Amino acid sequence: MHIRLLSKFFGLFAVVVSAALPAMALDAPKGPVVLTVSAPVLDHPNVGATAQFDLQMLEALAGRSAKVRTPWTSGEVEFSGPYLRSVLEAAGARGAKLRITALNDYYADVPMEDVAQLDTILATRLHGKTMSVREKGPLFLIYPFDLDPNLYNEKYFSRSVWQIVKIEVTD
C-alpha cells in the first residue's frame, strides 16, 4: 500500500515539476524553413547544430508591428514580426555580434547591443501579408525608426538586411 502511494506521489511530483520548468527544446519546423540560426553557444538546436524556424514558429514569438518610413519603401508602411531578441532567445543563441545573411549572400554584421537595446524586428509581414522575395521577404530586419528618429541614418540602413535566410552569432 505504501509503495503504491509513494509511486503516485512521485508520479504527481514529476508532472508538477515538468510543468513548472520552461520548455527547453525548440520544436522542429513543420513548414518550409525560412531562417537558420547558428552560434558557438546554441542551447536549443532543433536540426543538427542549428536552430531552424518556419514562418509559423517565428510568428509565435513575442514581437510587434511598426509603422515606419524606410529608404526602400514608398511612404509609411507597416511591418510586423518577432523581436530579433525573441528569435535568438528561442534558439538559445549567445555571442557578441551577428552576421545576418540574405538570399544573395549579402550580409551585414550587427552588434548584439542592437538586439538588446533596440526593438529590432525580424519582419515577416508587410501590411499584414507575408512578404515574397520580390517584396524583400521572407524576412527583413527592421530597426525601430518609428520609436527613435535618430536611428534613421546610414549606419542602421546598412544593417537593415532583407531577404534574410541565415543568422550566425559569433564571439
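Does aspartate 105 count as buried or exposed, and at what relative accessibility? In this predicted model, aspartate 105 counts as exposed, because its relative accessibility of 60% lies over the 50% cut-off.

**Figure 1. Aspartate 105 in the loop between β7 and β8.** Phi of aspartate 105 is near 75 degrees, a positive value in a residue other than glycine.

**Figure 2. Histidine 127 in the loop between β10 (125–126) and β11.** Phi of histidine 127 is likewise positive, near 55 degrees, in a residue other than glycine. With a relative accessibility of 47%, histidine 127 counts as partly exposed.

**Figure 3. The cis peptide bond from glycine 137 to proline 138.** Omega of this bond is near 10 degrees. Proline 138 belongs to the loop that runs between β11 (129–130) and β12 (140–142).

**Figure 4. Asparagine 46 in the loop between β2 (41–42) and β3 (51–54).** Asparagine 46 is buried, because its relative accessible area of 16% falls under the 20% cut-off. Its side chain reaches the backbone oxygen of aspartate 27 at 2.7 Å. Beyond neighbours within four places in sequence, the contacts of asparagine 46 are Leu26, Asp27, Ala28, Pro29, Ala51, Gln52 and Met57.

**Figure 5. The largest pocket, with a volume of about 190 Å³.** Among the residues that line the largest pocket are Leu26, Asp27, Ala28, Pro29 and Met57, each of which is also in contact with asparagine 46. Other lining residues include Lys30, Phe53, Asp54 and Ala90. Both β3 and α2 (55–59) supply at least two residues of the lining. By class, the lining comprises 8 nonpolar, 1 polar and 3 charged residues.

How values were computed
Residues numbered from 1 in each chain as written. Predicted model: local features only at pLDDT ≥ 70, side-chain atom pairs only at ≥ 80, totals over all residues. Heavy atoms only, no water. Helix = DSSP H or I, 4+ residues; strand = E, 2+ residues; numbered from the N terminus. Buried < 20%, exposed > 50% of the residue type's maximum accessible area, 1.4 Å probe, protein only. Polar contact = N/O pair within 3.5 Å; in protein donor to acceptor, adjacent residues only side chain to side chain. Contact = heavy atoms within 4.5 Å. 1 Å grid on protein atoms, 1.4 Å probe; cavity = no way out; pocket = protein on both sides within 12 Å on 5 of 7 lines; lining within 4 Å. Points joined across faces, edges and corners; volume = space filled by probe spheres on them. Nonpolar A, V, L, I, M, F, W, Y, C, P; charged D, E, K, R; others polar.
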